[in-house]
Amino acid sequence: MLHATLLLTALAAPQGQEASPSKLVPHLREAIAEAPAGELFHVYAALDERLSYADFAGRVEGLARGVRQQFVEDELRAFADARQGAILSLLGALEAAGHAKDVRQLWITNTVIFHGTQGAIDAVAALPEVAYVGYTPERDPSEYQDVPAPTPAGGGGFTTYYSNGFEAGLGPEFSTTTTGCGFAQIESLYGPKTGNFHFVMASTTDSCESTASVTLVVDLTGVTTAKLQFGFKDMSDEFDPGEDILEASNNGLDWAKVDDLSGSDGSYLIKEYDLDPLGLVYDSDVYIRWSWSDNFAPETDGFGIDDIAIADGFPPPPPPTPEPNLVQLQAPALWAIGIDGTDSLLLNIDDGTDLVHPDLENRIWINPNDPLDGADNDGNGYVDDINGWDFLSGDNDPSPGSHGTNTAGIMVGDGGSGIALTGMAPGASLAVGRISGESNHWEAQQWGISVGVDCSSSSYSYKWPSVPDYHMHRSVSEMVLAAGIIHANSIGNQGGSFSSYPIPFNISAPGLCPSPWKHFEQTQINGGVAGTMACGGIELNDAPYSPSGQGPSAWENLSVYNPGYPHTQVPTWWDYPFGGFGGGHQGLLKPDVVTYTNVKTTSTGGGHNPSFGGTSAATPHLGGALALMIDAQPKVQPRHISQALQRTAVDLGAPGKDAQFGSGKIQVFDAAQRLFHLVTADDLSPSIGSSLNVAIDGFANDFYAALWGVNLGEAATPVGTLNIAAPFYVLQVNALDATGHDDIPITVPNNPTLVGVDIHIQSIEDNNAGTTGSYLFSVVETFRIDP
């Protein structure tokens, strides 16, 4: 009966009269008051109960990643299902009546997302279990993307006279000839250089002697200097002197040889030629001809031609080596020992990604559990989510996305185009989530749990003036951590704009959420953890990128900063106080690390952006680093990754973890060295008298020594650095088994004086005769004894 009454209320409510005004956030009330009757608003209804990481602590730490994700997802779904029956039933009726649409369960935080009229929103708000209704307005994506504002372009560019990538077909400026079984035509097969099509010449039949040619006639009237550039693919063709050739002419009869065509070894190369020395008259009819001769079909024989351009010049080709930012972060050093992210699935949460970019297409994840058949085979609520999901349009096409293609290239760009190697983890798989507002961001992370991603990265963030729902961001971050996932996020480019973006909220959400590892310089003893590492930016010479967001952050009663703060708060998350805008307390140390900005990366349409900037550029370096850490040590947990990256970072600025550089510039080779040998406790808050297991993982049959103590420090030894300080004690000395594993069972003494004591464990492995040829020091595993 209640639902029927609420539905009638929704259908009858006049515009501007609210049934439950106290539950609607102010900017939603304002939007309703200004909108015409019947308009739909993108909102989320947050229910009054939600889980936190504390609800999973002690139950998930010992689970393998996939098992842990499924366990957490099942619990979150069950929790939401038990509490969302009434709201989902009501919204179903409102949807049938045309007053709501796109109803989606956000089980990660016991919330429901929908588009609804004012009446529908009021009806939902009237439900007693609804704590408040938040608003996700449509805003310009630039408000969320952490790229710097564009600056006017300078001079020094080139003039392009002609270009064709064959995406629109073969124009009248082209003509073709063939003999034997030859063909010369536009094809989508055989691997275009960019886009979906290229021009192919080959034989239709094996063992059939054939020729083919394609001639371009272009108007170069008034041109004084001209260069030709195109992509060329030699499909294992046997070079035929005098036949496999590039030529130019003024009349189509008298031809001047430009070059032989051969030698790309089955992949596209960029060919570039100066036409001026040929003695051509640049008039209305300049002829360029590509010729092929052989006797087999693709891909045994044949040529591919793509992306033809004639201009007065072209930018110099990039070096055939990894981009310098990757080198300075040690990524190629890890690749050299076989760690390139191959066993990691990374989720890019952005405005979409060019799925067919030649540097990305082999990295795009294919969902093994949901083939394209119109059914939701994996049962996660997203039909045919084969590569990812578009959380804006509600479909399975998260492309193309200019900003997201830029970030994806820094994460996983593998140099498939032959032009540039831009990705930190060029062997990782990339899932794609297309988003805009806050609720999209939360749902994308929920989706990541449902498909089993290992880590995620986003260069979208939500800034102080827009009044973000900070505690919802933390709720999502804690559930991501509970599922065993670690997330990298940008922090904004407002480092010099403290009047509008004041400290302790200069760093945007969700980057201001706690990291999975609480840094040893953090003084708040009872402060919590979550799944988000915040990434700031530096220039390629390690100088500060001054607009990068600056810490610290704060977790305390937001009414101290905004007396009218509209969103529900969780008092247990007032655990990192700063003391108001004037400070007085430490707050939460942020950012966590920094990487490079203003770097080369991929761009939509198969090209490259020579200088992508902001913390939007810095963060995907960290995202790729997360994938590398997981590839380096499959049993690693988020807290280990965060600790390894922070402990091995190059300290910049003030000593220690500071407000501009965090722990410093990441060094992924050094961090991986701290994860090859791993200590993992299956309970981080054991009670006195209880038992726990400490797992030791490393290289097969190596000896190790596990130590424990109650103090942290930096103790230099002849073979490395201990991070536990004297006095420390031997916990166990043993050999790892043939799988590289050992277990240490521990019983906590039933001694009340131990309550609240932190126990630190670190292990040293002797791998001098093994893969690394050195001693390996694990990161520190810490557990606190409960009553």
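I found an open sheet of seven strands, paired in parallel, in the order E17-E18-E16-E19-E20-E21-E22. Strands here are DSSP runs (E, at least two residues; helices are H or I, at least four), numbered from the N terminus, and two strands pair if DSSP finds at least two bridges between them. This is a predicted model: local features need pLDDT of at least 70, side-chain atom pairs count only at pLDDT 80 or more, and totals for chains, interfaces and linings use all residues. Residues are numbered from 1 along each chain as its sequence is written, and side-chain values use heavy atoms, with hydrogens and water left out.

Which strands stand at the edges? E17 (388-390) and E22 (593-596) do; each has a single partner strand, so one side of each is left without a neighbour in the sheet. I then checked E17 against E18 (residues 429-434): they pair in the parallel sense over three bridges. Gly 388 has Val 432 in E18 as its bridge partner.

**Confidence**

I noted a mean pLDDT (the predictor's confidence in each residue, from 0 to 100) of 92 for the chain, with 95% of residues at 70 or more. Over residues 10-19 the pLDDT is below 50, yet the stretch has 23 contacts (heavy atoms within 4.5 Å) beyond near neighbours in sequence. Residues 151-156 are also below 50, with zero such contacts in the model. Where pLDDT is low, the predicted coordinates should not be read in detail.

**Val 124**

Leaving aside neighbours within four places in sequence, I listed what Val 124 contacts: Ala 45, Ile 87, Leu 90, Leu 91, Leu 94, Phe 114 and Val 130.
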